[in-house]
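Hello,

Here is the structure we spoke about handing over. My notes follow it.

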Amino acid sequence: MLIGLFNNWVVIVLMMSGLYIVIAQGNLIKKLVGLTIFQTSVFIFYISMAKVSGGSAPILDQEISVYSNPLPHVLILTAIVVGIATTALGLSLVVRIKESYGTIEEEEIQQQDNLQNQKENKVEVKE
Amino acid sequence: MINIVLLSLLVVVAIGIIRMKDLFAVVMLTGIYGLLSASFFVAMDAVDVAFTEAAVGAGISTLLMLVVITMTGRKEKATRHKPFAALFVVVITGGLLVYGTLDMPLFGSADAPIHNHVAPRYLNDSMQEIGIPNVVTSVLASYRAFDTFGEVVVIFTAGIGVLAMLFAHRRREEDEKLAAINDSMHEKHLVIRIVTKMLIPFILLFALYVQFHGDYGPGGGFQAGVIFSSAIVLYAMLFGLSAARRVVNQGFIQLMAAFGVLCYGCVGIASLLNGGNFFDYNVLSNDPVAGQHLGILLIEWGVGVTVASIMIIIFFSFAGRREIQQYVEQNKNKESV
Amino acid sequence: MIAHLPILQVVIPLMAAPICLILNRSKLAWLFALIVSGVSCLVSILLLQQVMTTGVISYELGGWQAPWGIEYRIDELNALMLLIISAISTIVLFAAPKSIDKEIVKGKHTYFYVLYLLSLTGMLGIVATGDAFNVFVFLEITSLSAYALIAMGKKKQAVWASFQYLVMGTIGATFILIGIGLMYQMTGTLNMQDLSQRLPEVAQTRTVFTAFAFVIVGVCLKLAMFPLHLWLPNAYAYAPSIVTSFFSATSTKVAIYLLIRFTFSVFGLSFSFTTVPLQTLFMTLGLVGIFVASISAIYQHNIKHLFAYSSIAQIGYMIVGFSISSVAGLTATLLHLFNHALMKSAIFLALAAVAYRVGNVRLDSLRGLGRQMPLTMAAIVIGGLSLIGVPLTVGFVSKWYLLSALIEQGWWPVAVLILLGSMLAVIYVWKVVEVAYFKEPVGTPVKEAPIGFLIPIWILVLANVYFGIDTRFSVQVAQAAAESLFGGAL
């Protein structure tokens, strides 16, 4: 029982460390790294459920009778591509944020936005 | 045993990433994380996935992050806002997941539902129905071809999105000045340049091998596309972006990206016109298995072409943006002097 | 070709996107996107007709039988959603060229239309498919194009809003992926109908409960349901006006569709509402959402922000209707989904016209516009009346159905709270009306919006009134969809 579930528990720890980075860290690149870790760990979860003890890679051969399950592999191939697509787009946003805000720290960006909003609202009240 | 070692290493790397403040180190660790998970996938018999994860996790995404760090700075501020809120969310989510694992089929057991429903058909009948030994390729290119089509569209979307974010029109004179900056920068690495020049043909050849060998072993359009683009990226890194742009210009590469998606879709349209359902390759030829082969060949081409062009587009967009930033900064420095 | 309508619905805009990229001329790309969107609207009308007469349509992609291959499955609910998405997309695109010229840098117009088509494709794909993993793939197509489209906004806050949306959206999608993985692990299948048959056997396991929780939380993140709504206001407010009009009417609706599909069809009514205490939870969150969002709307200085918060409040009404878990309640939700798409696209399109003439949409800039842009402002007023739920508008119809569904169950207190929530809508709509009609104009006078804006705006406004009076079509379809969901037929 313990050995059978151990894999999953470690994978959960990995997923959660990714999620923790995303929420707790203010640096935008670090957030994207967190997302990558989170997603990659979900991939590990999928792939480990596909494993059959004593099986081999699902490439058909006359001498082999037990194969691991190919379907999760296919799903994760797609998911990996989705992951890199998200990362690339996120990074391009980070570049743009750096250009217009001069920083990639969440708190500093938020501060600048708040100041800007206050300014706009003040103008409105004066008018 | 090996998987326990790999998983423990992954945990160590994850903790390292949480604690590190130097973004360069964080990005390198992320690359290592990708590589370790790729090794884990090999231990789990998922060779195709491992190949892709190695190319993407340890390759492309690390490279892109490094390029971005050169633009945004590599030091992270020490602020760590809301660690308790984060810890709270993580503990709840993780707790729920652990709770969920309690009724799961045990690791590796052959009588789990997933091994007894749907999947057996792929393993037992795909040889007759599709006729290629790599079951993963059969499933992704035929049984679930539409998912893979979606995947190509996802990567296409990301490429266009990155272009929409970072693309900047340049005038020719600017282009020449930018090229000048680059040349001066790259002249130093003479040895690397020569070695690279010798390597590039082999990389391209390897990409073609992976493209066409996907039916028999791990590989296929996506991996081939990534490898192909890596040759171009390598060239751009060592000989300057402008030189690489002369080899593959923006208009051409956009055309190729669109062409790949269309190529994939047209296989579906062709099966419609031949009286089958969308992506029914059986109707593409008189012999169903030959039809399957033809369909898979064509769509893998579509995948390869789109992935290669989009990867190149993405890298060029980032690198191009970086050049412009450098150019602007140089001008600023000149003015201040 | 009739037999292939389900796939054509998705593939036509999908293939159009790369072609649009090749065209590479702003006006040409627009015209092409408009035609394509019009064609897919036509396809959705045909599909709806077919479904209403012959029942559920199933389409096997690649000719592979259902649990092995991917299946497209269209019932009344799917057909209604497809129609809403493609119709709104077409009408909004009508108004696009002028607004885009003004709000987006010249060299990027083609990318805009390509991304627009891709997000249309993604939404249609999510709705049409009967495969749980395929949902995830198309969800990501929509999301990625949405992040890029939102970030194309003129102000610098747009990129930041888009990044926040990207982080939340990706967490949501990954949650859905975990949920699908857990379901798959317990049943061995990804096909929704197959899942609905195999899940009851394992319904009592802790794994399925966890799967349910992850799918629902993931969908609710995409849905911007209170308290997971924080990404939405800025994303809507700083996106290009055309994008706001399109998304406000469609993207959260698609997430509502997913919520309904997963709870009612995949997990099944008895699991979702008896094994899991979903009813109390969603009822409470829906009500709190209505109040918190409506009150926030009152305090906004930017009208796009104001109506974005109003959207979150309106989602609250749909959630309340959903949580009743009766045919009448679900009918009310579906009606409101349809009606809200009409209201919000009309309002945001009118705001696009304001942004085109005035340059911004701060509350203050609206002064005196009631006289300067009478037709545009009248559209906003009628849309606002519809939001409040005044008779003769669509808003009235869906509130009416919602209230009667609540009273049918004897939930008087909730009905009273719904009415109180509508009073809050009166306040924020009045704020806009007051500035536009009762304050003196400042600055240079502006002209009425160009005809290219007025036609699509007024098509939507008239639809608001028409479907508010002649409710046969909308009620019939919504009821048929709700009944088939309760009939257990997927």
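Notes on the model

Chain B has a mean pLDDT of 87, and 93% of its residues reach 70 or more; pLDDT is the predictor's confidence in each residue, from 0 to 100. This is a predicted model, in which local features need pLDDT of at least 70, side-chain atom pairs count only at pLDDT 80 or more, and totals for chains, interfaces and linings use all residues. Residues are numbered from 1 along each chain as its sequence is written, while chains are lettered from A and ligands numbered from 1 in the order in which they are written.

Among the elements of chain B, helix H8 (residues 145–166) has the highest mean pLDDT (94) and helix H9 (residues 172–186) the lowest (60). Helices (H or I, at least four residues) and strands (E, at least two) are DSSP runs, numbered from the N terminus. Where pLDDT is low, the predicted coordinates should not be read in detail.

Between chains B and A, 85 residues of chain B are in contact with 68 residues of chain A (contact: C-beta atoms, placed from the backbone, within 7 Å). On the chain B side, helix H3 (residues 47–72) of chain B gives the most, with 15 residues.

Between chains C and B, 48 residues of chain C are in contact with 49 residues of chain B. H6(C) provides the largest share of the chain C side, 11 residues.

Within chain B, the domain assignment (automatic or from a database) gives domain 1 (1–76) and domain 2 (134–337). Their centres, taken over C-alpha atoms, are separated by 23 Å. Across this boundary, 13 residues of domain 1 of chain B are in contact with 13 residues of domain 2 of chain B.

Regards

Key:
Contact = placed C-beta atoms within 7 Å.
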